[in-house]
Amino acid sequence: MALVALYLNGIDYGPILFSWLHVFLFGSLVGAYFEPLRRTLENSKLGAILSALAWLVLLLGAVAPPKLRLDLGFSNLVNFLDPITVGYPMLLLVCTVFLLGPFSLFKQPIFRWFGTISYSLYLLHPFVIDGVVEIVKTGALPARFGFPVVLAVSTLVAGASFYGLERPCQRMLRSYFSKSDNDLALRDISHTIGLPGQRTQANR
């Protein structure tokens, strides 16, 4: 809400998050309804059709980038309003998350592992890119090696961050909230059976 307020008041903060909010909301909806959607798709009789559509989505990736479409003579809207620029990543997300057609390749353990560290990778890779760009500028690293170095270093940093920070924090938070839920449950049981004088851990 604070970002929206800044944007509406004309304060230039770089409203990227606000501009792409519809994409974030779409991803959130897919995540929130993942299990029922997955079960529906798995039990659907349209498997062959969905697989064919997934192949079509994969092929459309060749012309989805807005710069390429401009080079081909097509006009585009601003990125976050252009239906292809916005719609294609949404289709790609659905095909990837639900492993449709050729995207079933992502069942492989290596891809699932990258999915595990993906948030750390998403947050940290820009810093790696900036560092590698500076190294390339000095001439110490040929530009053609830039991408593999970024990929390798980003993966190492993201893996270290996930296993050293993110996963321990997740476990700590789960333990804390699980304990709080148990304490609340004990208190509710105490009140329900008419033992208001019984002190639970939550009341101490």
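This report describes the helices of a predicted model, the packing between some of them, and the surroundings of several individual residues.

## Overall architecture

In this predicted model, the chain contains 10 helices and zero strands, and its elements, read along the sequence, follow the pattern α-α-α-α-α-α-α-α-α-α. Of the 204 residues in the chain, 16% are buried. When contacts between residues at least 6 apart in sequence are considered, 53% of them join residues at least 24 apart.

## Packing of α3 against α7

Helix α3, which spans residues 21–32, and helix α7, which spans residues 83–97, have axes that come within 11 Å of each other and cross at roughly 15 degrees. Angles under 35 degrees count as roughly parallel, and α3 and α7 are therefore roughly parallel to each other. The crossing of α3 and α7 is right-handed.

On the α3 side the contact is made by H22, V23, F26, G27 and V30, and on the α7 side by V86, M90, L93, V94 and V97. Sorted by class, the residues in the contact of α3 with α7 comprise eight nonpolar, two polar and no charged residues.

## Packing of α5 against α7

Helix α7 also packs with helix α5 (residues 47–60), at an angle of about 135 degrees and with the two axes 10 Å apart. That angle makes α5 oblique to α7, and α5 passes α7 in a left-handed crossing.

The residues that meet in this pairing are A54, V57, L58 and L60 in α5 and Y88, L91, L92 and C95 in α7. By class, the contact of α5 with α7 divides into eight nonpolar, no polar and no charged residues.

R69 lies in helix α6, which covers residues 66–71, whereas D82 is found in the loop between α6 and α7. R69 has a relative accessibility of 6% and therefore counts as buried; D82, at 5% relative accessibility, likewise counts as buried, the cut-off for this class being under 20%.

Both residues have a polar atom pair with T85: the side chains of R69 and T85 are joined by a polar contact of 2.8 Å, while a polar atom of the D82 side chain lies 2.9 Å from the backbone nitrogen of T85. Residues up to four places away in sequence aside, R69 touches V63, A64, F74, N76, D82, I84 and T85. With its neighbours within four places in sequence likewise left aside, D82 is in contact with R69, N76, L77 and G87.

## L68 in helix α6

L68 is found in helix α6 and is partly exposed, with a relative accessible area of 31%. Not counting residues up to four places away in sequence, L68 touches A62 and V63.

## The backbone at L99

L99 is found in the loop between α7 and α8, the latter helix being residues 109–116. The phi of L99 is near 55 degrees, a positive value in a residue other than glycine. Most residues other than glycine have a negative phi. With a relative accessibility of 25%, L99 counts as partly exposed.

Y122 lies in helix α9, which runs over residues 118–138, and at 49% relative accessibility Y122 counts as partly exposed, since exposed requires over 50%. The C-alpha atoms of Y122 and S154 are separated by 9.1 Å, although these residues are 32 residues apart along the chain.

A158 lies in helix α10, which covers residues 146–192, and A158 is buried, with a relative accessible area of 0%. Not counting residues up to four places away in sequence, A158 touches I117, S120, L121 and L124.

Methods: Residues numbered from 1 in each chain as written. Predicted model: local features only at pLDDT ≥ 70, side-chain atom pairs only at ≥ 80, totals over all residues. Heavy atoms only, no water. Axes fitted to C-alpha atoms, helices over the stretch in contact; angles between N-to-C directions. Helix = DSSP H or I, 4+ residues; strand = E, 2+ residues; numbered from the N terminus. Parallel < 35°, antiparallel > 145°, perpendicular 65-115°, else oblique. Left-handed = near helix turned anticlockwise from the far one by under 90°. Contact = heavy atoms within 4.5 Å. Nonpolar A, V, L, I, M, F, W, Y, C, P; charged D, E, K, R; others polar. Buried < 20%, exposed > 50% of the residue type's maximum accessible area, 1.4 Å probe, protein only. Polar contact = N/O pair within 3.5 Å; in protein donor to acceptor, adjacent residues only side chain to side chain.
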